[in-house]
Number of protein chains: 2
Amino acid sequence: MINLDYRDKRPLYEQITEKFENLISSGALGADEQLPSVRQLAMELSINPNTIQRSYMELEKKNIIYSIKGKGNFVTSDTEAIRRIKTENLMTDARNLALKAAELNVPLALFVKEFEKSYLTARGDARDD
Amino acid sequence: MINLDYRDKRPLYEQITEKFENLISSGALGADEQLPSVRQLAMELSINPNTIQRSYMELEKKNIIYSIKGKGNFVTSDTEAIRRIKTENLMTDARNLALKAAELNVPLALFVKEFEKSYLTARGDARDD
DNA sequence: GTATGTGTATTAATTCAGTTAATACAGTTA
DNA sequence: TAACTGTATTAACTGAATTAATACACATAC
């Protein structure tokens, strides 16, 4: 469910937080669905439970999950809100990148091509939605 | 010439490196122009000279500046090399962004459209190279 | 009830990158 | 010679991230 990238310079708890955000906003984890327990995920990733705990705290602060003591952590019911936020963040990134590209006179076609290639590769070279 | 942002979570030497890259690629610092000395800039920014030294080492590794012992650090005369570096950085950003978009199932067309719009706006709504 | 699963909280130790500090040495210029 | 430059090295400090070891509270199944 979660893979860590030890080359990534960001802290583990941040990586984990982002992975769950993506799983949720992409619909892989639906509303009120239960997340892996702190201890189980820690075991699975071979890291300390406190690191998972920190990630879950972050997610709860952002209202992306809610927790019930003794039961577990669950995805918020308003998953569409998350998707909107993530999408808008991504669009903002796209705009900023476009401004930089324009500033450096990098040809638009070249840029779009590189972009599409990565996108399609990530999706498996097959889809077009 | 350089301003530090202590809210920025990146290390100081990285910030400084990037500032110089921008000053140079924008032409504010021309070919063979001298950079501030390690000690002087450290004094000006109230940080340790070793931090500046590290930034300059990074810039030299990237062939953006060259140094002459006893004289100082100077902007490379090969400004095209700088352009190549900046362009490659931008392409890397594009690839990473595409991966995120794919992960979040944001439709490619939507994304590319937003991108092109910003690009063309930045260029003046007129060009198409 | 007990056992075992959950979340939560706390405190200490560790690790590592970034940064500071203090020097020393080498080349340039006046 | 004096006062600049860059370069290199070693030690110490700092703070964030992570690990470690517990303890406590709640839920569920037996």
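Which element gives the most to the surface near DNA strand D? I looked, and α3(A) does, with three residues.

I am working from a predicted model, where local features need pLDDT of at least 70, side-chain atom pairs count only at pLDDT 80 or more, and totals for chains, interfaces and linings use all residues. Side-chain values use heavy atoms, leaving out hydrogens and water.

**DNA strand D.** I took "near" as a residue heavy atom within 4 Å of the strand. Of the 24 residues around DNA strand D, those that come nearest include A:Asn50 and B:Ser67.

Next I checked individual atom pairs. A:Asn50 has a polar side-chain atom 2.6 Å from a base nitrogen of DNA strand D. For B:Ser67, a side-chain N or O atom is 2.4 Å from a phosphate oxygen of DNA strand D.

**Chain B against chain A.** I found 32 residues of chain B in contact (heavy atoms within 4.5 Å) with 36 residues of chain A. The two chains bury about 3700 Å² between them (accessible area lost on being put together, 1.4 Å probe, summed over both). Carbon and sulfur atoms carry 73% of that area. In chain B, B:Leu90, B:Leu104 and B:Phe115 lose the most area to chain A, together 19% of what that side buries.

I then counted two salt bridges (a Lys or Arg side-chain nitrogen within 4 Å of an Asp or Glu carboxyl oxygen) between the chains. B:Arg95 forms one with A:Glu114, their closest N and O atoms 2.2 Å apart.

Note on methods. Residues are numbered from 1 along each chain as its sequence is written. Chains are lettered from A and ligands numbered from 1 in the order in which they are written. A polar contact is a pair of N or O atoms within 3.5 Å; within protein, one must be able to donate a hydrogen and the other to accept it, and residues adjacent in sequence count only if both atoms are side-chain atoms. Helices (H or I, at least four residues) and strands (E, at least two) are DSSP runs, numbered from the N terminus.
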